[in-house]
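Q: Got a structure to go through with you. Can we start with the helix packing?

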Amino acid sequence: MAELDRRIVLWRNTIALFHERNRPRFIGPFRKAGYAYRVETALSIRRTGEERNPDIVASSPSGWLVIELTCNDHSKADKLDSYRKIDPRNLGLYGLQIHQSAPDTICSRLSEVDDGEHSQIIVKDTVVVKKVDLLSDEVLRLALLDFSGTDLTRLPTIPIGLLPESKNHEVRRGLVAIVMQIFQPDSKGKTAYQMVEEGLDKLSDKVGAGRKTAMKRRVEKEMEVLMNHHLKGYLELKGDGSYVPTGRFREHPKTLERISSALQEWAYTTQQCIDPSDFGAVEHDGRGSEDGYTPEDDRTTSDPGSFMR
Amino acid sequence: MGRIQTLQDLKVMLQAGFEDNEAILARYGLTRLTQLKAYLLETNYPIDEVGCPLGAWSSLDAGGWYVNRGPLSPNTLFLDTTRERVWILYTLLDATEADAVTDGWVKHIKGLDRCWLSRSHLLHYDNKEPWQQRGLGLKFSDGLASDDEAGRFSLKAWYGATEKIPGLAEVLNTAKESFAIYSTRWQKLKEDSVTLAVEWYSNGKVTINRATDVDEVMLSISDMANLYEDALAEATGLRNDGLGAFELNFTQSIDLEAFSKTVAMGRGRMNLWLIETETEPDFRRFKGVDLHTWDRVFLDVGPDFAYLTIPGKGCVNAAPRIATIQGEDNAGRTSIFFDGVEVFG
């Protein structure tokens with residue numbers, strides 16, 4: 001698997017485990033076990049009220065669980081331990097079934113790392129499940145065991161295009177369709193901040209202002225390359241910070257094909273960038289205290305910009 | 001009939017037309033007057049932001065009902081906006097003009113679309129007691145193939161005389177399973193007499209071929225609008241609650257290479273402008289925009305299936321539109337699923 005899309009693939013392959021497909025036939029183990037899920041949940045620790053934001057929280061008639069998604073090679077044991085203390089009575093806020101017990105805790109990864117006494121699913125090309133005996137929900141345990149070894153390479157794309165940790169080439173890939181929208185008739189264009197919001201999709205509310213500002217700067221850098229090289233003459237930056245089509249753009253099949261081709265080259269072929277140090281860059285800025293999503297990251301990883309903890 | 005100012009005026013005019021047509025039918029064996037047509041339209045905006053395709057809208061006495069006024073063909077369009085997401089446009093214009101007016105309106109107003117009726121919608125009256133199916137239309141344009149190689153198929157069969165040809169029923173059934181249905185014709189019986197004969201089309205149009213009661217006509221069209229609005233609400237809820245994708249299942253294999261070339265230029269009936277982002281011999285991923293609304297869409301396409309993801313607040317009406325058009329154009333019979341359960345059905 002190309003390094004480029006690891007984070008998006010991790011999310012895509014984990015989310016798919018809650019869904020079902022006819023062709024090719026695929027029933028995710030969480031779906032099979034009757035779990036409904038949410039990705040935007042703010043929950044709190046019983047008694048102290050400390051906020052916790054697990055990546056995925058899900059509930060079924062037979063149990064409930066939280067999933068941490070990470071590409072980081074550090075253990076998530078501490079974070080998952082803390083999730084065990086989440087007050088389940090707040091699940092009702094998200095339309096999920098309420099339970100009295102502590103949740104099952106699962107770490108979803110692309111490669112194996114020791115996450116202590118927590119279950120693990122490795123969702124690279126084929127799924128591998130680890131430590132499922134730790135699960136209290138027997139229905140889920142059996143569904144996961146049954147699912148082990150299933151191919152995960154052809155699952156539906158998820159609507160999330162950008163993650164706070166996306167690197168330069170990942171930013172480009174996440175922006176492709178958003179940039180295409182700029183060329184709609186009577187377009188008012190889009191600012192880099194709007195692009196960030198749209199790329200984050202359902203995660204937008206979870207990501208704090210500081211991180212969004214950092215993402216905005218990365219978007220601006222990549223858009224500069226696009227505007228000055230690949231789509232030179234078709235795209236311009238207005239004084240109000242919005243990227244708009246130039247007067248040269250006409251909605252014609254040849255023009256659309258030319259733009260498609262340029263965007264494909266920008267996002268999928270070349271890696272031209274302004275500052276070579278951007279390659280593999282990790283963002284250290286934009287993690288202010290207003291960002292409720294990040295403080296725990298700093299405690300559990302040496303990679304301070306890691307969204308995946 | 002004078003200027004129509006109330007909903008009752010409209011009903012009286014339509015009722016008179018139905019009765020005249022029935023009288024002509026009884027006397028000459030066919031109808032002569034222009035038939036009533038209605039178009040189900042999917043909207044994301046209130047009426048004052050959408051405008052009128054012929055002149056300007058003027059309110060009737062009943063809330064949410066409008067008639068067009070102005071120098072261009074006044075009193076020919078009647079709009080029921082009483083539902084939030086699905087409007088009904090009634091007209092007595094002839095078919096060519098009515099289609100052109102509706103197509104032009106939908107094309108120029110972003111956020112206004114037709115309702116794209118699934119096979120389940122088109123066969124909604126199947127096995128319902130007072131209804132009899134009287135015919136169907138099938139279509140397969142093979143739009144991704146070159147003109148020389150295209151295996152086009154088009155058929156319109158009216159039940160009745162066709163039943164007298166041995167073996168034809170089997171042929172029709174086979175074709176019905178392989179290709180997209182683009183129209184169905186139904187009649188409603190009361191005491192062995194036809195009280196209503198209609199033809200529904202996959203693009204949300206209905207033609208009233210015969211009728212005896214205007215309220216029965218409007219109720220039947222309204223029922224289909226309600227069904228569609230319920231399907232839209234269900235699909236929007238599914239999209240909003242998670243990160244899942246709609247699944248389209250086809251009966252015809254898609255030429256992925258031709259599909260990729262077509263959508264890169266934003267050409268073809270599908271009206272999609274997409275960039276290929278991942279290539280396998282029998283699986284491709286695309287990202288781009290639906291040129292009809294300029295909403296973003298992600299499409300993962302296999303030989304006989306596609307996954308459609310609609311990010312953000314993109315309109316879920318893209319799912320039935322893409323399914324219907326792609327089905328008639330190149331994919332054959334198409335069904336839409338979410339988590340293995342058929343939606344828009």
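A: One convention before that: angles under 35 degrees count as roughly parallel, over 145 as roughly antiparallel, 65 to 115 as roughly perpendicular and the rest as oblique. This is a predicted model, where local features need pLDDT of at least 70, side-chain atom pairs count only at pLDDT 80 or more, and totals for chains, interfaces and linings use all residues. Residues are numbered from 1 along each chain as its sequence is written, with chains lettered from A and ligands numbered from 1 in the order in which they are written.

Q: OK. At what angle do α5(A) and α8(A) cross?
A: Roughly 165°, with the axes coming within 9 Å. Axes are lines fitted to C-alpha atoms, for helices over the stretch in contact, and angles run from 0 to 180 degrees between N-to-C directions. α5(A) and α8(A) are therefore roughly antiparallel to each other.

Q: Which residues meet there?
A: From α5(A), A:Arg172, A:Arg173, A:Val176, A:Val179 and A:Met180; from α8(A), A:Leu263, A:Trp266 and A:Ala267. Contact means C-beta atoms, placed from the backbone, within 7 Å.

Q: Switching to chain B: how many residues does each chain put into the contact?
A: Chain A gives 33 residues and chain B gives 32 residues.

Q: And which element supplies the largest share on the side of chain A?
A: α8(A), with seven residues. β1 (20-21) and α5 (168-181) of chain A also supply at least two residues each. Helices (H or I, at least four residues) and strands (E, at least two) are DSSP runs, numbered from the N terminus.

Q: How many helices and strands in chain A?
A: Nine helices and 13 strands.

Key: Two residues are in contact if their C-beta atoms, placed from the backbone, lie within 7 Å.
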